[in-house]
Amino acid sequence: MSDAPFIHLHCHTDYSMLDGACDIPSLIDTAVKMEMPAIAMSDHGNLFGAVEFYNTAKAANVNPIIGCEVYVTPGNLKDRQDGSGYNHLLLLSETQEGYRNLVKLVSTAYLEGFYYKPRIDKHLLAQHSKGIICTSACLKGDINEAVVQGKYDEAKRLAYEYQDIFGKGNFYLELQDHGLQQDPIVMREIVRLARDTGMPLIASNDAHYIEKRDARLQEVLLCISTGKTMSDPARMRFEVQEFYLKSKEEMLRLFGEIPQALDNTWEIAQRCNVKLEKVANPFPDFEVPPEHTLETYFEYVTRQGFEMRRATLLQHEARGLLKHSLAAYEERLEREIKLIEEMKFTGYFLIVWDFIRYARSKGIPVGPGRGSAAGSLVSYCLRITDIDPLQYNLLFERFLNPERISMPDIDIDFCTHRRGEVIQYVTEKYGREQVAQIITFNSLAAKGAIKDVGRVLDMSFAEVDRITKMVPPVLNIKLKDAIEQEPSMRDAAEKDPRVKEVLELAQRLEGKARNAGVHAAGVVISPIPLKEIVPLYKTNKDEIVTQYDMGGLEKLSLLKMDFLGLTTLTIIEDALGLIEKTKGVKVVPEEIPLDDPDAYRIFSRALTSGVFQFESSGMRDVLRRYEPTRIEDLIALNALYRPGPIQGGMIDDFIDRKHGRKKVTYEVPEVEEIL
């Protein structure tokens, strides 16, 4: 073997729980310790972890090779007969075109070829083979299955078929030796096949976990994902404990007589240089009237919206309620418009304005706004929000500023029952291929990890329940911290080896993805068909979602929107309908005065069941003691009702100062106006 490093081509992570008991940060840390200049990640049938893998590896100066061990059916991918099985095949993206082709292959496997597994066929492979390096994969590869069955000529035919699909020099015959009974047969015949055909060899090792000691953890993980227990003789298991990240020295001991097979992994690593680039223009085309550009139309609808708001502002001014002059509003509006145009976010605002306008036109209840977007006067003029930012001294810069170049984030609440209509509108407007919901990965929390591991290790429900009840009731507490804080957990582990093993394994599984789901609100809208840039996934409810989660999509600068379903809006809408039906009075929520004394008496008496943020027993106690009399009181209490201020006694001080029991003081005079 030359001085070339050995590169691992098969590393399976934890995004799909069957694929491996190694998380990406640990994988890259180990690659760095082993002085690997590159590593490939090839989960089975998916690219769930590609963005995290790419960014983590790049940050550690390790070359990330994005791959996938795909399922190839010998027939047509749309066949659904029991005889239409599948074989494994390793695909590695060599170029940008190769990455895009891999994305298309993996997406099509889920959207069109799913039958027990996400499958592709050889016809599809031939259509999307450019820029991809292919290897014959593991014992589940069709070439390896043929040689095990003594069908050498069939193996040779298949090898030439793959070489025809991917091109000479892009298809490798793969050698693996995990100590399985069939490995020596396959090794011998694959070397013979390489000699007869002139095709290059590579040596690899399937890495489903990082260290050899993790084999037990992998078994537990498989039992969790398949619903089995360790005592079940029919459970899915690996026959040997060799599926870990082996060092160059270990690989040399296995394949030292075939040095070129080890050297070729380095050759592949040098060839693979894919960049996960940000989308240059993340916004889909927004049609504007022919006499307008995107910018002039944005200015037109914004100024038109301001004129509609002006009437309300004049009413407030006449009643002495306006805190700022109309000139201040106009100056703020000009400043916001200029900055939005400079940051090239006009398209974003028009897209949001358009679907909110659609919702209102169809009578779909829309929330008044939340988060930093409420600090934007442009949002207020476009009716994206219904909160006057100047009246409450809200900062536009918290929402958008040139020093933090990132996509604006506007969360919009819709009536729970009719949220789907808005998503349907967006889908039809920008194209079904350009809109999708977003995947989310549900991870194992402390108690969940204990329950899963306990079940797999055949502990009774009562025993597992006893252990989980020892975990302190602290939000998002880690098991390590729980054991340090709770002596009874340590005592139980010292007295009972089974409890000790449950806690040890649960700690190592904590945080791993348990399953994939659909984000409750997230929708991504793309300027081009999503299948061109992001792998797609189909749920068991036939929902099409991205294989990259919210964080991954943000890294690629794709436009994501949160269409939140808010039950409160539905209740308000139902209540308004009942009032009109029974009393003959049409109530407009936006016209309800914010200085109604009767409303504040309800809050002062803490009759707030069902009122968001004000219904907990602790908050109701604060309301009784404080006796709010204006909207600013409610704003302040909502801001103060947090762990820090509660534990620091700030709420008690605030209440005492409200009722004059304590004097209002300021550390320095300059903060008086702010506070």
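**Close-up views of a predicted model**

View 1. With a relative accessibility of 17%, K122 counts as buried (buried means under 20% relative accessible area, exposed over 50%, and partly exposed in between, with a 1.4 Å probe and protein chains only). K122 belongs to helix α4, residues 122-127 (helices are DSSP runs of H or I with at least four residues, strands are runs of E with at least two, and both are numbered from the N terminus). When neighbours within four places in sequence are left aside, K122 is in contact with V72, T73, D142, L158, E161, Y162 and I165, where contact means heavy atoms within 4.5 Å. This is a predicted model, in which local features need pLDDT of at least 70 and side-chain atom pairs count only at pLDDT 80 or more, while totals for chains, interfaces and linings use all residues. Residues are numbered from 1 along each chain as its sequence is written, and side-chain values use heavy atoms, with hydrogens and water left out.

**View 2. The buried face of helix α24.** In helix α24, residues 617-626, the buried residues are M619, V622, L623 and Y626. Seen down the axis of α24, these buried residues fall within an arc of 100°, so they line one face of the helix; the arc is that of the directions from the helix axis to the C-beta atoms. An α-helix has 3.6 residues a turn, so residues three or four places apart point the same way. The cover over the buried residues of α24 includes α23 (597-604), α25 (631-640) and α27 (650-658).

**View 3. Backbone at positive phi.** Following α24 is E627, with a positive phi near 60°. Q613, in the loop between α23 and α24, has a positive phi of about 75° although it is not a glycine, and Q613 is partly exposed at a relative accessible area of 36%. S557, which is likewise not a glycine, has a positive phi near 60° and lies in the loop between α21 (550-555) and β13 (559-566).

**View 4. Two buried cysteines.** C11 counts as buried at 0% relative accessibility, and C381 is also buried, with a relative accessible area of 4%. The structure holds zero disulfides, a disulfide being a pair of cysteine sulfur atoms within 2.5 Å.
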